[in-house]
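Keep the structure open as you read on.

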Amino acid sequence: MYDAVIIGAGPAGLSAAIACAKWNLQVVVIDEFMKPGGRLLGQLHQEPDGTWWNGIKEANILVEQARALGVDIWCGVSVHHIEEVGQGWRVHTNKERIDTPKLLLATGAAETPAPVPGWTLPGVMSIGAAQVMTNVHRVRPGKKGIVIGINVLSAAITRELQLAGGDVVGMVLPPVNPITKDAGNPRKVMQSLLRISHLAPSAFLRMGGKLSRANWMQKLALTFYPKSGVKMWGIPIHLRKAAVQINGEKEVESVTICSVTPDGKRIEGSEQTMDVDFVCIAGGLYPLAELAAVAGCPFHYFPELGGHVPVHNERMKTPLEGLYVAGNITGIESAKVARAQGFVAGLSIAKETIQSADSAIDKHLENALDEVRKIRSNAAIQFHQDIHAGRNKMESIYKEQFS
Amino acid sequence: MNNRRILHHPVLGTMPERNAVHFTFDGKKYKGFEGETIAAALLASGVRTLRVHEEKETPRGIYCNIGHCFECRVTVNGQPGVRSCLTEINDGMVIESGKRQPTPLKRKEIARHV
């Protein structure tokens, strides 16, 4: 029997497994995909110091380390249900059932859909889908594409598509609808974009520091926003244009876009059609937490963390005995934060499994917690503003209601 | 080799040599490579439509590519509902696209038989 079962072989799950194995726990990591690494696999971006973050390499380092420590990694296995039984958890997979005293959910995140008429046509995919096709499978999503949805994630991935020789005609906003909300509002999108201005080699965005302090300057910038867009890494970003409709009979043939006011209202008669054969929809990420819900874990809604998040404390424990969470299931942050959180979760699990009076593990746990805080503070990209506030709120909810 | 595959990448480097696999999709022969998904092998072969909507018969392809949306489900060696974005392509695989299904309980269909 395994001391712990970890669901998700991404940065959080793998580093949790490494932490457990270092304390001689027998663990298995389960993942639906055919290769371990999770969403690390697709990642490829330049750090502020100019070095490349290559997710495939980072994933390989973790996988090798885990395997060397005797961690079992099962790929292509789907978990469809978990339930509390006796002193632990029963994990139902498409292959077999496993019982374990400790269960870690490191299921990551999924992409928020941004519905656009015509989006079911073949050739329309989430931007993360295009990322995996391009960087992992090394297959182009198409010849010429457009990105609908302008945010930190889509800007980074659009650059990856371009890097691989993909032709992206530009990035536009999604239409304003009850699901896309602020993602269709130029003013709100501009504010969120300014948070990555330090990464973008664009004079316009480098003014970001000033712009983000003065509302009137943002308004001015949007009012006089260039018709051809503002280029970031050579890709036109159209903050005053939104997608109206994706056209095509059997697959994507073109996209109709229109101009919008600085508040996102459609300007009638401004429609134009752009010929493309693929469309990437970028609605941002939300924590993938169904298994925690099935387990009966309490949830809280935190816009700062990207959505509904299972309640947990800083040591990655949920209020349910033996159930832990780590990585993007706890809130949308970078892979580096996820990896550090996974290490904390693994040490938490080890500490409670061993239950020794030895204080060495406590020291490791404290260091690992410090590491998470440090990485969070130094993050080059923050997916959500006020991430610290969100984390603090979660901690106090756990303390007040569950400890 | 077609230009849908990214053999040389400025940062990730040159794609390592992989063994070819042969499979069929709706009876037609295709070539893919070991270690890639059914969805990737088909996309690289120019196939984007993986099924049609069971009722409306409108075309569907991959959407999320992480196994979450189920838009890419196909029948593999007789087993229906397989997510092509998660499943590795194997030599000799027989893959069928999702087809339109009968809707005998639709009001229109019932009226025809009454």
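**Pockets, interfaces and cavities**

By class, the second largest pocket is lined by 19 nonpolar, 13 polar and seven charged residues. Please keep in mind that this is a predicted model. Chain A divides into domain 1 (4–111 + 285–402) and domain 2 (124–281), and chain B packs against chain A with 37 of its residues in contact with 44 residues of chain A.

**The second largest pocket**

- The volume of this pocket is about 1,200 Å³.
- Its lining counts 39 residues, and those nearest the centre are Asp182(A), Ala183(A), Gly283(A), Pro303(A) and His384(A).
- In chain A, two or more lining residues come from each of the helices α4 (152–163) and α5 (186–193) and from each of β19 (285–287), β20 (299–302) and β21 (307–310).
- Of these elements, α5(A) supplies the largest share, with four residues.
- Both domains of chain A take part: domain 1 (4–111 + 285–402) and domain 2 (124–281) each give at least three residues to the lining.

**The two domains of chain A**

- How far apart are the C-alpha centres of domain 1 and domain 2 of chain A? They lie 31 Å from each other.
- On the domain 1 side of chain A 20 residues make the contact, and on the domain 2 side 19 residues do.
- Together, domain 1 and domain 2 of chain A bury about 1,600 Å², with carbon and sulfur atoms giving 60% of that area.
- No salt bridge is found by the rule across this domain interface of chain A: the count is zero.

- The area buried between chain B and chain A comes to about 3,200 Å², and 58% of it is on carbon and sulfur atoms.
- Within chain B, the residues that lose the most area to chain A are Ile6(B), Arg48(B) and Tyr63(B), which together account for 25% of what that side buries.
- How many salt bridges does the rule find across the interface of chain B and chain A? The count is one.
- Arg83(B) and Glu32(A) join their side chains in a salt bridge, at 2.8 Å from N to O.

**Enclosed cavities**

- The rule gives four cavities of 30 Å³ or more.
- The largest cavity holds about 80 Å³ of space.
- Residues of both chains line the largest cavity: Gly123(A) and Met125(A) from chain A, with Ala39(B), Leu42(B), Leu43(B), Val47(B), Arg48(B), Leu50(B) and Ile62(B) from chain B.
- Helix α1 (residues 38–44) of chain B gives the most to that lining, with three residues.
- By class, the lining of the largest cavity has seven nonpolar residues, one polar and one charged.
- Arg48(B), listed in the lining of the largest cavity, is also one of the chain B residues that lose the most area to chain A.
- The second largest cavity has a volume of about 50 Å³.
- Its lining is made up of Thr134(A), Arg140(A), Pro141(A), Gly142(A), Leu161(A), Ala164(A), Gly166(A) and Phe278(A), together with Ile6(B).
- Five nonpolar, three polar and one charged residues make up the lining of the second largest cavity.
- Ile6(B), too, links two topics, as a lining residue of the second largest cavity and as one of the chain B residues that lose the most area to chain A.

Methods. Residues numbered from 1 in each chain as written. Chains lettered and ligands numbered in written order. Predicted model: local features only at pLDDT ≥ 70, side-chain atom pairs only at ≥ 80, totals over all residues. Heavy atoms only, no water. 1 Å grid on protein atoms, 1.4 Å probe; cavity = no way out; pocket = protein on both sides within 12 Å on 5 of 7 lines; lining within 4 Å. Points joined across faces, edges and corners; volume = space filled by probe spheres on them. Nonpolar A, V, L, I, M, F, W, Y, C, P; charged D, E, K, R; others polar. Domains from an automatic or database assignment. Contact = heavy atoms within 4.5 Å. Buried area = accessible area lost by both parts, 1.4 Å probe. Salt bridge = Lys/Arg side-chain N within 4 Å of Asp/Glu carboxyl O.
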